[in-house]
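Thanks for asking me to look this one over.

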Amino acid sequence: MDALPQTTPTHAGRDATLILATDLHFKVRAQSGEINILRGVDIAVAAGEAVGIVGPSGSGKTSLLMLLAGLDRPTGGTLTVAGHDLTRMDEDALAVFRRETVGIVFQAFHLVPTMTAIENVAVPLEFAGRSDAFDRAEEALKSVGLGHRLTHYPGQLSGGEQQRVALARAFVAQPRLLLADEPTGNLDRGTGGQVMDLLFGLRERFGTTLLLITHDPMLAERCERQLRMEDGRIVADSAR
Ligand SMILES: Nc1ncnc2c1ncn2[C@@H]1O[C@H](COP(=O)(O)OP(=O)(O)OP(=O)(O)O)[C@@H](O)[C@H]1O
């Protein structure tokens with residue numbers, strides 16, 4: 001855990017609002033007609049906050065996360081993340097936003113199977129033109145205990161190891177916002193616990209704002225704030 005470069009803790013900026021969404025809507029067209037997935041979400045998250053998001057399957061948790069990541073566009077309402085108005089940005093600007101501001105960890109790891117662990121972690125830095133991409137990637141992999149697996153391909157790694165590679169990739173550029181969607185959903189309890197300890201350790205170290213979707217109430221409780229979604233809306237917010 002000591003190999004990533006030390007940074008000044010960013011908790012100083014804690015009062016700043018990192019995420020602000022008002023009356024957020026997300027509709028998609030399906031064969032059966034229009035589906036209202038998000039139906040007026042209001043949310044404000046301070047920089048440095050850790051927020052657990054729970055709610056039944058289909059309540060819109062992943063859809064909200066995709067909007068916050070700039071991977072989908074809201075169909076109504078306002079959405080500002082780290083000072084960027086995501087409703088007004090073109091695809092190129094959104095790509096830069098994702099690269100510089102957001103780290104994402106998915107349930108299914110989403111590593112590139114034809115790339116080694118170190119290549120997977122270095123990719124976002126290489127896209128950003130960083131000449132030290134591989135050195136930083138190596139440090140990040142060491143920080144999640146994978147210094148001995150640098151040149152393994154995802155198929156040669158266990159599920160827990162793959163998720164640790166994904167964590168290293170998500171944190172390597174020290175994003176302000178970490179979005180995690182059921183990151184332990186494919187792991188056994190013990191391995192999942194280790195991955196979560198790493199995730200919370202890294203976010204604490206870098207002062208990263210965290211939104212964590214989980215079906216596990218105990219995991220959500222590790223976050224200082226919990227939101228509950230139902231039917232495309234936030235129906236409970238422990239901060240309110
Ligand atoms: N592109 C799409 N086209 C049609 N329906 C969609 C699309 N994306 C999501 N949905 C629907 O929107 C609803 C919300 O999906 P979402 O994945 O956000 O829920 P969730 O709360 O994350 O669920 P889970 O806990 O099962 O992952 C679901 O009913 C889903 O089927």
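Predicted model: local features only at pLDDT ≥ 70, side-chain atom pairs only at ≥ 80, totals over all residues.

1. **Make-up of the ligand shell.**

2. **Who is in the shell.** The residues surrounding the ligand are Val28, Ala30, Ile35, Ile37, Gly55, Ser57, Gly58, Ser59, Gly60, Lys61, Thr62 and Ser63. Three elements, β1 (17-30), β2 and α1 (61-68), each give two or more residues to this shell. The largest share comes from α1, with three residues.

3. **The open sheet.** Strands β1 and β2 also belong to an open sheet of four strands, ordered β2-β1-β4-β5 and paired antiparallel. Which strands stand at the edges of this sheet? They are β2 (33-46) and β5 (84-85); each has a single partner strand, so one side of each is left without a neighbour in the sheet.

4. **The β4-β5 pairing.** At the β5 end of the order, strand β4 (residues 76-81) runs antiparallel to β5, and two bridges join them. If you want a pair to look up in the viewer, threonine 80 has aspartate 85 of β5 as its bridge partner.

5. Is strand β3 (residues 50-54) enclosed or open? Five of its five residues are buried, so β3 is largely enclosed by the rest of the structure. In a regular strand, side chains alternate between the two faces of the sheet. Both faces of β3 are covered: Ala50, Gly52 and Val54 are buried on one side, and Val51 and Ile53 are buried on the other.

6. **Neighbours of β3.** Strand β8 (residues 209-213) pairs with β3 in the parallel sense over four bridges, and here alanine 50 is opposite leucine 210. Strand β9 (residues 225-230) also runs parallel to β3, joined by four bridges. Within β9, arginine 225 is the bridge partner of valine 51.

7. **The annotated region.** An unreviewed UniProt entry places the feature "domain: ABC transporter" at residues 19-239. Over residues 19-239, the chain is 35% helix and 29% strand.

Technical notes. Residues numbered from 1 in each chain as written. Pairing = 2+ DSSP bridges. UniProt positions renumbered as here; feature names shortened; annotations may be inferred. Near = placed C-beta within 6 Å. Buried ≥ 20, exposed ≤ 12 C-beta atoms within 10 Å, placed from the backbone.
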